[in-house]
Amino acid sequence: MLSESDLIKIRRHLHQIPELALQETETHQFLLETVKAMDQEFLEIRNPDELPTSMMVLVHGFDPQRTIGYRTDIDALPVEEQTGLPYSSQHPGVMHACGHDIHMTVALGVLSYFSEHQPKDNLLFFFQPAEESESGGKQSYELGLFHGRWCPDEFYGLHDNPDLPAGAIGCRMGTLFAGTTEVNIDLTGKGGHAAYPQDANDTIVAAAMLISQVQTVISRSIDPIQSGVVTLGKIDGGTIRNVIAGHTRIEGTIRGLTQKMIETIDQRLKDICEGIGRSYNMTVNLELNQGGYWPVENNSELTKRFISYMKSTPSVNFIETEPAMTGEDFGFLLAKFPGTMFWLGVDDDSQLHSATLKPKEEAIQRGVDAITGFFEYRMTE
């Protein structure tokens with residue numbers, strides 16, 4: 001079984017070899033070698049051809065009543081590391097700035113324990129590529145990776161949280177992470193000379209009105225007790241001060257705590273774009289891309305059990321958390337399988353996706369112990 005010092009060495013090695021979505025070949029090879037070094041008596045390893053950098057490990061139970069799934073993401077971000085750590089990223093411009101090296105290490109620690117302590121139920125460990133982009137969770141589902149004995153009856157996963165004490169477990173009933181939708185809007189009118197506006201259709205003026213109207217979506221179309229966000233963060237139109245722009249592009253993002261809320265916001269954007277097009281006599285093309293980043297909506301029954309266990313375990317520092325507006329593609333899998341996502345505190349002043357993120361490594365063993373204990377508890381029910 002991997003010791004705490006083993007786990008820290010593994011985490012530091014993973015931290016040095018970050019790779020972007022669907023390019024995690026070195027990471028995959030290291031994970032495979034680490035798992036193969038474990039006791040293989042109860043293990044079955046699968047490397048799906050459909051998603052080459054993914055890996056699935058089934059721990060066969062001695063009296064399985066269910067298959068409990070555990071997912072960890074393995075990709076990194078296009079961020080130049082600025083931590084100054086001796087084990088900093090060796091891949092220029094790429095960093096585990098979201099803590100997926102912590103995620104993988106915790107998963108390996110839990111898997112290592114059950115490789116030597118055969119569980120009652122089957123355990124499925126899914127090492128998933130492409131969480132940060134490319135919707136790896138959705139891809140894995142649509143490619144048919146979860147079938148037969150590789151299909152979980154329930155699914156769990158964690159995300160590190162620098163705002164929580166190292167090793168603390170955070171969770172909540174309902175939505176943990178918001179769902180996200182990428183927004184692209186192209187306004188196409190008629191360019192012309194600034195001195196003759198009557199002969200043109202000014203897309204910048206139309207874009208300004210569209211942006212103003214979008215600000216009413218949350219304040220007037222969403223229940224104020226709930227939460228949603230529409231941010232239009234980029235606008236690109238025009239070439240010079242004395243030419244009326246015939247094309248303007250707006251890019252932004254939608255965040256919502258439920259899929260229904262996101263669909264409501266999507267529809268309001270469609271209505272506004274249609275109205276602007278008619279009002280300004282131009283074409284307004286709206287592209288909404290949710291991909292696989294659905295809201296992470298925790299299953300009520302399983303999450304109640306999870307929280308109850310964590311609260312009643314003296315060695316666990318459990319903290320009930322508020323929902324976060326960040327996105328996570330585990331939401332797509334939780335829409336297909338009942339399950340729970342939770343936080344693991346890593347206590348750092350820097351935030352996720354920061355070039356200076358330095359998670360506290362003492363969180364790793366505490367996370368392994370909490371999850372291992374919960375799975376053993378779950379298998380007694």
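In which hand does H2 pass H3? In this predicted model, the crossing of H2 past H3 is right-handed. Helix H2 spans residues 25-36 and helix H3 spans residues 100-116; the two pack with their axes 11 Å apart and at an angle of about 20°. Because angles under 35 degrees count as roughly parallel, H2 is described as roughly parallel to H3. On the H2 side, the residues that meet H3 are Thr27, Leu31, Thr34 and Val35, and their counterparts in H3 are Met104, Leu108 and Leu111. By class, the residues of this contact of H2 with H3 comprise five nonpolar and two polar, with no charged residue.

Helix H2 also packs against helix H1 (residues 4-16), where the two axes come within 10 Å and cross at roughly 160°. H1 and H2 are therefore roughly antiparallel to each other, and the crossing of H1 past H2 is right-handed. H1 contributes Ile10, His13 and Leu14 to the contact, while H2 contributes Thr27, Phe30, Leu31 and Thr34. The contact of H1 with H2 divides into four nonpolar and three polar residues, again with no charged residue. Among the residues of H2, Thr27, Leu31 and Thr34 are listed both in the contact with H3 and in the contact with H1.

The loop between H1 and H2 holds Ile17. With a relative accessibility of 2%, Ile17 counts as buried. Beyond its neighbours within four places in sequence, Ile17 is in contact with Glu26, Thr27, Phe30 and His91. Of these partners, Thr27 and Phe30 also belong to the H2 side of the contact with H1. Between Ile17 and Glu328, the separation is 311 residues in sequence and 22 Å in space, taken from C-alpha to C-alpha.

Strand S5 (residues 154-161) was examined next. Eight of its eight residues are buried, so S5 is largely enclosed by the rest of the structure. In a regular strand the side chains alternate between the two faces of the sheet. In S5, Glu154, Tyr156, Leu158 and Asp160 point one way, whereas Phe155, Gly157, His159 and Asn161 point the other way; all are buried. Strand S5 pairs with strand S3 (residues 67-73) in the parallel sense over four bridges, and within this pairing Ile68 has Glu154 of S5 as its bridge partner. Strand S5 is also joined by seven bridges to strand S16 (residues 339-345), with S5 and S16 running parallel. There, His159 has Trp343 of S16 as its bridge partner.

A separate description applies to an open sheet of four strands, which follow the order S10-S12-S8-S13 with antiparallel pairing. Strand S10 (228-237) and strand S13 (283-289) are the edge strands, each of which pairs on one side only. From one strand to the next, the twist averages 15°. Strand S8 (residues 179-188) and strand S12 (residues 247-256) run antiparallel and are joined by ten bridges; Asp186 stands opposite Arg249 in S12. Two helices lie across the strands of this sheet. Helix H5 (residues 203-221) lies across S8, S10, S12 and S13 and runs at about 170° to S10. Helix H6 (residues 259-280) likewise lies across S8, S10, S12 and S13, but its direction is given relative to S13, at about 165°.

Most residues other than glycine have a negative phi. Asn281, which is not a glycine, has a positive phi of about 55°. The position of Asn281 is in the loop between H6 and S13, and Asn281 is exposed, with a relative accessible area of 59%. Asp347 is likewise not a glycine and has a positive phi of about 45°. Asp347 is found in the loop between S16 and helix H9 (362-378). Its relative accessible area of 35% makes Asp347 partly exposed.

Note on methods: Residues are numbered from 1 along each chain as its sequence is written. This is a predicted model: local features need pLDDT of at least 70, side-chain atom pairs count only at pLDDT 80 or more; totals for chains, interfaces and linings use all residues. Side-chain values use heavy atoms; hydrogens and water are left out. Axes are lines fitted to C-alpha atoms, for helices over the stretch in contact, and angles run from 0 to 180 degrees between N-to-C directions. Angles under 35 degrees count as roughly parallel, over 145 as roughly antiparallel, 65 to 115 as roughly perpendicular and the rest as oblique. A crossing is left-handed if the near helix is turned anticlockwise from the far one by less than a right angle, and right-handed if clockwise. Contact means heavy atoms within 4.5 Å. Ala, Val, Leu, Ile, Met, Phe, Trp, Tyr, Cys and Pro count as nonpolar, Asp, Glu, Lys and Arg as charged, and the others, Gly among them, as polar. Buried means under 20% relative accessible area, exposed over 50%, partly exposed in between (1.4 Å probe, protein chains only). Two strands pair if DSSP finds at least two bridges between them.
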